[in-house]
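Dear colleague,

Please find below the sequence and structure that I am handing over to you. My findings follow directly after it.

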Amino acid sequence: MSWYWWLVIGGFLASGAAGTVIVVRGRKRPAKFGNLARKLPARKRGKGLSLLVPFRPDSGTRERVWNWLHAYWKYEMPGAQLVMGSDNSVPFNKAVAVNSAWRHAKGDIFVILDADCYLPGSVIQDCADRI
């Protein structure tokens, strides 16, 4: 029997607006790890997580913000798989882009982030540890 766990938390956009939602989803019921995020060495932060980011470049501000956040996530969560999903339809279909990223994700827990979402990696790790 497979288990599905959902956790929704609020985040902040890089522009400062509130309201981005992050969904953390596990494929199977994970073991309880307690407060593991503070004990993990840097290279293991994010291990078992897939960060799914729906995104389409615009050759402007959105792309510059994503380039900065891409580097940030690689540094902050080095053990996580960072998967960018895309959609070429007009208008942009976020659900299609998330599904595109989902098909390539290999982690036990999925985190869906907007391309302009900034959160401390410890928040994501703590949430993942609790499910």
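In helix α2, which spans residues 94–104, the buried residues are Ala 97, Val 98, Ser 100 and Ala 101. Buried here means under 20% relative accessible area, exposed over 50%, and partly exposed in between, with a 1.4 Å probe and protein chains only. Helices (H or I, at least four residues) and strands (E, at least two) are DSSP runs, numbered from the N terminus. Viewed down the axis of α2, its buried residues fall within an arc of 155°, so they line one face of the helix; the arc is that of the directions from the helix axis to the C-beta atoms. The cover over these residues includes β3 (49–54), β4 (81–85) and β5 (109–112).

The model is a predicted one: local features need pLDDT of at least 70, side-chain atom pairs count only at pLDDT 80 or more, and totals for chains, interfaces and linings use all residues. Residues are numbered from 1 along each chain as its sequence is written, and side-chain values use heavy atoms, with hydrogens and water left out.

The largest nonpolar core has 20 residues, of which Leu 49, Leu 51, Val 53, Trp 66, Trp 73, Leu 113 and Ile 124 touch the most other members. A nonpolar core is a set of buried Ala, Val, Leu, Ile, Met, Phe, Trp, Tyr and Cys residues joined through side-chain atoms within 4.5 Å. Two or more residues of this core come from each of β3, α1 (61–76), β5 and α3 (121–130), and α1 gives the largest share, four residues. Apart from this core lies another, of five residues, among them Leu 52, Val 83, Ala 101 and Ala 105.

Ser 50 belongs to strand β3 and is buried, with a relative accessible area of 0%. A polar atom of the Ser 50 side chain lies 2.8 Å from the backbone nitrogen of Gly 107, and one lies 3.4 Å from the backbone nitrogen of Lys 106. Polar contacts are pairs of N or O atoms within 3.5 Å; within protein, one must be able to donate a hydrogen and the other to accept it, and residues adjacent in sequence count only if both atoms are side-chain atoms.

Finally, seven of the 10 residues of α3 are buried, so this helix is largely enclosed by the rest of the structure. Its buried residues include Ile 124, Cys 127 and Ala 128. Leu 49 is in contact (heavy atoms within 4.5 Å) with residues including Ile 124, Gln 125 and Ala 128.

Yours sincerely

Notes:
Lists of a residue's contacts leave out its neighbours within four places in sequence.
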